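Trainee: Could you show me how to read a protein model, one feature at a time?
Mentor: Gladly; let us look at it together.

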Amino acid sequence: MVVRSSERLRAAEEVVAQLREGLEVVAVTLPSLRVDVVSLASEARYPLVELGRCNLDTAMRLAAVLQGLKP
């Protein structure tokens, strides 16, 4: 099955929106969260999602949230 670039981009944009919404619930903002447009040109089925850089405070809050998810 061939996935068109518009479908690939739409899927990636949807997941970025879902990540942004989910992180907002736990008060974590990743300012560089976006679709990696360079990967759209690759042969991979779907593009990469750029989680980006964040400051130490954001990284610590994200780590705390993830630690809270462990069983």
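Trainee: What share of the contacts with a separation of 6 or more comes from residues 24 or more positions apart?
Mentor: A contact means heavy atoms within 4.5 Å. In this chain, residues 24 or more positions apart account for 50% of the contacts with a separation of 6 or more.

Trainee: What should I know about the model and its numbering?
Mentor: This is a predicted model, where local features need pLDDT of at least 70, side-chain atom pairs count only at pLDDT 80 or more, and totals for chains, interfaces and linings use all residues. Residues are numbered from 1 along each chain as its sequence is written, and side-chain values use heavy atoms, with hydrogens and water left out.

Trainee: What pLDDT does the chain average?
Mentor: pLDDT is the predictor's confidence in each residue, from 0 to 100. The chain averages 86, and 94% of the residues score at least 70.

Trainee: Which elements does the chain have, and in what order do they run?
Mentor: Helices (H or I, at least four residues) and strands (E, at least two) are DSSP runs, numbered from the N terminus. Here there are two helices and two strands, and from the N terminus they run α-β-β-α.

Trainee: How does the radius of gyration of the chain compare with that of a compact globule?
Mentor: The radius of gyration is taken over C-alpha atoms, and the globule rule is 2.2 Å times the number of residues to the power 0.38. A compact globule of 71 residues would come near 11 Å, but this chain has 14 Å. Along the principal axes, the C-alpha atoms fill a box of roughly 40 × 25 × 20 Å.

Trainee: How much of the chain counts as buried?
Mentor: Buried means under 20% relative accessible area, exposed over 50%, and partly exposed in between (1.4 Å probe, protein chains only). Of the 71 residues, 20% count as buried. Ser32 is one to look at: it is buried because its relative accessible area is 18%.

Trainee: Where is Ser32, and which residues is it in contact with?
Mentor: Ser32 sits in the loop between α1 and β1, the strand of residues 34-35. Leaving aside neighbours within four places in sequence, Ser32 is in contact with Glu50, Leu51, Gly52 and Arg53. The C-alpha atoms of Ser32 and Leu51 are separated by 6.2 Å, although these residues are 19 apart along the chain.

Trainee: Which other residues does Leu51 touch?
Mentor: Not counting residues up to four places away in sequence, Leu51 touches Leu19, Leu30 and Leu33 as well as Ser32. Leu51 itself is in the loop between β2 (49-50) and α2 (56-68).

Trainee: Which residues form a nonpolar patch on the surface?
Mentor: Patches are made of residues with over 30% relative accessible area and no salt bridge; like charges are joined within 9 Å, nonpolar side chains (Val, Leu, Ile, Met, Phe, Trp, Tyr) within 5 Å. Accessible areas come from the Shrake-Rupley method with a 1.4 Å probe; for residues, only the protein chains shown count as cover. Val15, Leu19 and Leu51 form such a patch, with about 220 Å² of accessible area together. Leu19 lies in helix α1 (residues 5-25) and counts as partly exposed because its relative accessibility is 34%. Leu51 is also partly exposed, at 46%.

Trainee: How many salt bridges does a search of the whole structure find?
Mentor: A salt bridge is a side-chain nitrogen of Lys or Arg within 4 Å of a carboxyl oxygen of Asp or Glu. The search finds one. The side chains of Arg61 and Asp57 meet at 3.2 Å, N to O. Both residues lie in helix α2, four residues apart, about one turn of the helix. Arg61 is partly exposed at 31% relative accessibility, and Asp57 is partly exposed at 45%.

Trainee: Is Glu43 buried or exposed?
Mentor: Glu43 counts as exposed because its relative accessibility is 81%. Glu43 is found in the loop between β1 and β2.
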